[in-house]
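Colleague: I would like to learn how to read a helix packing and a nonpolar core from a set of coordinates. Could you take me through one case, giving the general idea before the particular one?

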Amino acid sequence: MRDRQLSEAERKRLEKFKNTRGRKNPAKIPARLARTSAFAPKKTRLITDSKFERLYVVPGQSVIKVSGRELGTQHRDTIYALFRLPHRTQTVNRPSHGLPWSTIYETQTTWRGLLTAMGRTAHTNNLMTLMDVFEDIKKVVFTIFEGDHKAIVDAYRKGDLASLGRQGKGGMGSLIESIEWNGLELDSEVVIRYGDWSAAMMHRAKLVSLNADVQFELKSDYAKTFWPYIDSMNNHHYVDEDVLAALAGRDLWDEGEDKLTRGQFRRETKKAFEDMVRASGLSSYSVEEIGVGRRKSRRYSYVVAYANQAETDARVVQEAPPPPPSVDGRPQLELKI
């Protein structure tokens with residue numbers, strides 16, 4: 001079949017497949033929140049002390065300080081569900097923020113809408129649990145740092161972040177500013193206003209598309225930790241063990257780790273990849289050893305399950321027949337049903 005120039009509609013369709021990789025109703029989330037270790041891969045035994053503070057580092061992706069309490073899997077899923085729902089913007093007078101006018105982002109939904117977005121059963125017990133999770137999230141202050149992660153970590157350990165100078169760019173704030181509702185029935189209206197940092201990321205369009213159907217189908221806490229990173233890295237087909245460990249808030253070669261804990265992490269990682277296959281996020285994966293000596297590591301190669309369909313659809317666009325010939329100098333219209 002002869003080559004031809006793609007039409008504007010075909011080009012946009014092809015670009016859509018490249019960008020979404022087959023995702024339906026994705027969660028559009030800030031990249032820093034997809035590639036972070038700020039949510040521990042667990043649901044219980046979280047640290048709830050209000051004095052809790054920890055710096056979470058995923059080299060090359062995110063450096064985030066969490067203050068107020070530890071967050072876990074259920075908090076990650078709730079935030080992702082919120083970013084899955086449509087939002088609106090409005091300009092308001094906010095003298096309490098030192099600004100005469102500012103643009104705010106908010107989502108209007110219902111408790112049922114939130115639970116549905118998470119793939120949870122619409123039940124009043126789940127509604128009350130959701131309220132508790134939102135309350136936890138509001139207690140936390142996120143500080144996002146930009147720049148060289150090693151310099152940031154060194155400065156943080158010395159208690160001297162000011163020494164970073166111009167490299168000390170970033171932002172601080174809550175992911176959620178306020179939550180208001182008119183009742184505690186499933187169909188009661190809920191209005192959630194995004195925090196300043198979340199709103200800034202949305203305004204700057206620093207978002208990635210996440211297949212939320214897979215995220216909420218996953219059972220393994222480690223899978224829920226790894227999947228957002230894997231799904232947001234469109235052009236990648238493997239991930240090394242040290243990255244996975246960083247996403248889980250660990251360094252496998254730190255003095256606190258040993259052969260037993262590394263073995264347990266690798267078993268959890270294997271379960272996580274099997275879970276991603278079961279949830280139809282990945283069609284397959286394989287593991288190989290890399291490195292030499294006692295500090296051999298693992299590399300996990302994978303095939304995203306819905307990438308093949310996107311590639312097939314893209315190929316159909318490329319191989320589409322040329323437009324119908326003109327009749328008497330006028331374009332012949334194509335009937336679409």
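This is a predicted model: local features need pLDDT of at least 70, side-chain atom pairs count only at pLDDT 80 or more; totals for chains, interfaces and linings use all residues.

Colleague: At what angle do the axes of α3 and α5 cross?

Modeller: The axes of helix α3 (residues 73-84) and helix α5 (residues 124-138) come within 10 Å and cross at roughly 95 degrees. Angles of 65 to 115 degrees count as roughly perpendicular, so α3 is roughly perpendicular to α5.

Colleague: Which residues touch the most other members of the largest nonpolar core?

Modeller: In soluble globular proteins, nonpolar side chains tend to be buried together. Here the largest nonpolar core has 74 residues, and those touching the most other members are F142, I176, F226, W227, I230, F273 and M276. Beyond its neighbours within four places in sequence, W227 is in contact with residues including L210, V214, L218, M276 and Y306, and also with the polar N211 and Q215. A second, separate core of five residues includes V63, F145, I152 and V153.

Colleague: Is T143 buried or exposed?

Modeller: Buried means under 20% relative accessible area, and T143, at 7%, is therefore buried. T143 lies in strand β6 (residues 141-146), and, not counting residues up to four places away in sequence, T143 touches V63, I64, K65, G171 and M172.

Terms used:
Residues are numbered from 1 along each chain as its sequence is written. Side-chain values use heavy atoms; hydrogens and water are left out. Axes are lines fitted to C-alpha atoms, for helices over the stretch in contact, and angles run from 0 to 180 degrees between N-to-C directions. Helices (H or I, at least four residues) and strands (E, at least two) are DSSP runs, numbered from the N terminus. Angles under 35 degrees count as roughly parallel, over 145 as roughly antiparallel, 65 to 115 as roughly perpendicular and the rest as oblique. A nonpolar core is a set of buried Ala, Val, Leu, Ile, Met, Phe, Trp, Tyr and Cys residues joined through side-chain atoms within 4.5 Å. Buried means under 20% relative accessible area, exposed over 50%, partly exposed in between (1.4 Å probe, protein chains only). Contact means heavy atoms within 4.5 Å.
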